[in-house]
Amino acid sequence: MVQVAVMGHGVVGSGVVEVLENHRESIAKRAKEEINIKYILDIRDFPDSPYADKFTKSFDDILNDEEVKVVAEVMGGVNPAYDFTKKLLLAGKSVVTSNKELVATKGAELLQIAKDNNVNYLFEASVGGGIPIIRPISQCLAANDVVEIAGILNGTTNFILTKMIKENMSFEDALKMAQQLGYAERNPEADVEGHDACRKIAILASLTYGKHIYPELVHTTGISAIALEDVAYASAWGGVIKLIGQVKALDDGTVDICVEPMFIERSSQLAGIDDVFNGILVRGDATGDVVFYGKGAGKLPTASAVVADIIDCVKHLKARKYLYWADGDASLVKPYEETSFAVYFRIETNDKAAAEENISKIFGTVKFIARSEAPENELAFVTDVMTVADQLAKAEQLSKTGAVIKSKIRISDL
C-alpha cells in the first residue's frame, strides 16, 4: 500500500479525494498498488466530512512522515505552495499539481530539484484540466519537432465570446452570466485579461522547447475591450473572435509567443470550439495538426488528471519520468514589436472618403470590411502582414489625421 497526501480541499482537492476513494479498486489495478490517502491538509475544519479523521492543519505531518511517498498539491497560488512543494521534493517525495501559476513561474527550479532527488514533479492538470496535453507532447509526439502550439486555453473567456458571437450579448452581460453560472470568479481578471491562458501557454512552450519561458515574457492581451461591433466585423470578414494562446518556433532559435484575441477563419479547427470548452492545436513536422478538445476545468475533470499523475508516480516510485526543462531568459522570446501579422482596425471618422484615402496612403494595400447597420462615421479594414512596430507607427500616423482608433485585433493564420 502506498500512502499519499492531498494539500488543499477546495474544488479540485475535494475532487481528488472523491476520485481516489470512489475508484479505489480500479486505481489499484492500474497502479499495481493500493493507494491510501493518509492526510488532507487544509486550514479549515470539515467535521461532517466522511474523511474527517484524515484532516490536518500541519504541513509538517506530511513532510516528516516517511510513509507518505506522493503528495497532490492542489492549493493554488505561489505561496505557500512553492515552499511546501520544494521541501517535499527535497525530502524525496514526488509531487503532482494542478497549480498552473506555480508551474509557470517556478517550474524549472522545481523540476531540477525533482531530478536531483530522483523523484517526480508532474502537472498534467495544470494546462488542460481534464484534457490530456502534457503527456501527449512529452511522450506521444516526442518523435516530432513541434513547430507551433495554439489554442483556446480558457473556458471562461470562450464562454463569454460565444455569448457575444451567438446571442449578440455585450461583454458585460456575458461576464455577468458566466459569474452567475460559476464559470467566472467575482474578480474575473485572471481570466478576462488573459493571465490564466498566459500561464498555460508558457508551460506548454517551456515543455516543448526545453527552456523555461516565464509568463512575464509573453505578450498578453485579454478580451475586456472586445465590442459587439468587432464581433460583427469578424463575421463579415469570414470568421469569429477567439482568445488564443500561441507559440511558434522560429528559425533563429527564438519563439514567437503571445496571448491575445484574434480573428479566426471559420474553416479553422479552433473556430467551432464554443462555450466553456477548450481546444489545443499542436502542429508537428511529422504528424501535422493534432487537436485536443474538451472541458479545460471543473472539479472532476481536473481531479481526474491529478489522480492520473498520482498513479504515474506510484508506478515510478523508484524511477523518474523524463519531464524536464532548463531555466531560461528573455533571449528565448522574439520581442513582440518585431513579430509580424495582419491586423484589423475599427475607426471613427467624420470624413469617410478622406479617411479611406489616408488609410491607403499610410497602410498600403488594405481590405475594407462592411457590416450591416454600421453608423456613418465607422470604418473597418484589415492590413497586410507587417511588424507590430510598423502597425503602431502607422496607427499613430492615422490618428494624426483625425481618425479615432476604436479597436485593433490580430488576424490569425491558424
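Lys 115 is in contact (heavy atoms within 4.5 Å) with Arg 320 and Tyr 324, residues up to four places away in sequence being left out of the count. The model is a predicted one, in which local features need pLDDT of at least 70 and side-chain atom pairs count only at pLDDT 80 or more, while totals for chains, interfaces and linings use all residues. Residues are numbered from 1 along each chain as its sequence is written, and side-chain values use heavy atoms, with hydrogens and water left out.

Lys 115 lies in helix α5; helices (H or I, at least four residues) and strands (E, at least two) are DSSP runs, numbered from the N terminus. With a relative accessible area of 39%, Lys 115 is partly exposed, a class that falls between buried (under 20%) and exposed (over 50%), for a 1.4 Å probe and protein chains only. The C-alpha atoms of Lys 115 and Leu 323 are 9.1 Å apart, although 208 residues separate the two in sequence.

Leu 323 is also among the contacts of Tyr 121, which include Thr 85, Leu 89, Val 95 and Thr 97 when neighbours within four places in sequence are set aside. Together with Val 16 and Ile 310, Tyr 121 has the most contacts inside the largest nonpolar core, which has 115 residues. Such a core is a set of buried Ala, Val, Leu, Ile, Met, Phe, Trp, Tyr and Cys residues joined through side-chain atoms within 4.5 Å. A second, separate core of 15 residues includes Ala 150, Ile 152, Leu 270 and Leu 281.

Six strands make up an open sheet with parallel pairing, in the order β3-β2-β1-β4-β5-β6; two strands pair if DSSP finds at least two bridges between them. Strands β3 (55–56) and β6 (121–122) are the edges, each pairing on one side only. Two bridges join β5 (residues 94–97) to β6 in the parallel sense, and Val 96 stands opposite Leu 122 of β6.

No disulfides (pairs of cysteine sulfur atoms within 2.5 Å) are present in the structure. For Cys 198, the nearest cysteine sulfur is that of Cys 258, 10 Å away; Cys 198 counts as buried because its relative accessibility is 6%. The sulfur of Cys 313 is 17 Å from the closest cysteine sulfur, in Cys 140, and is therefore too far for a bond. Cys 313 is likewise buried, at 0% relative accessibility.
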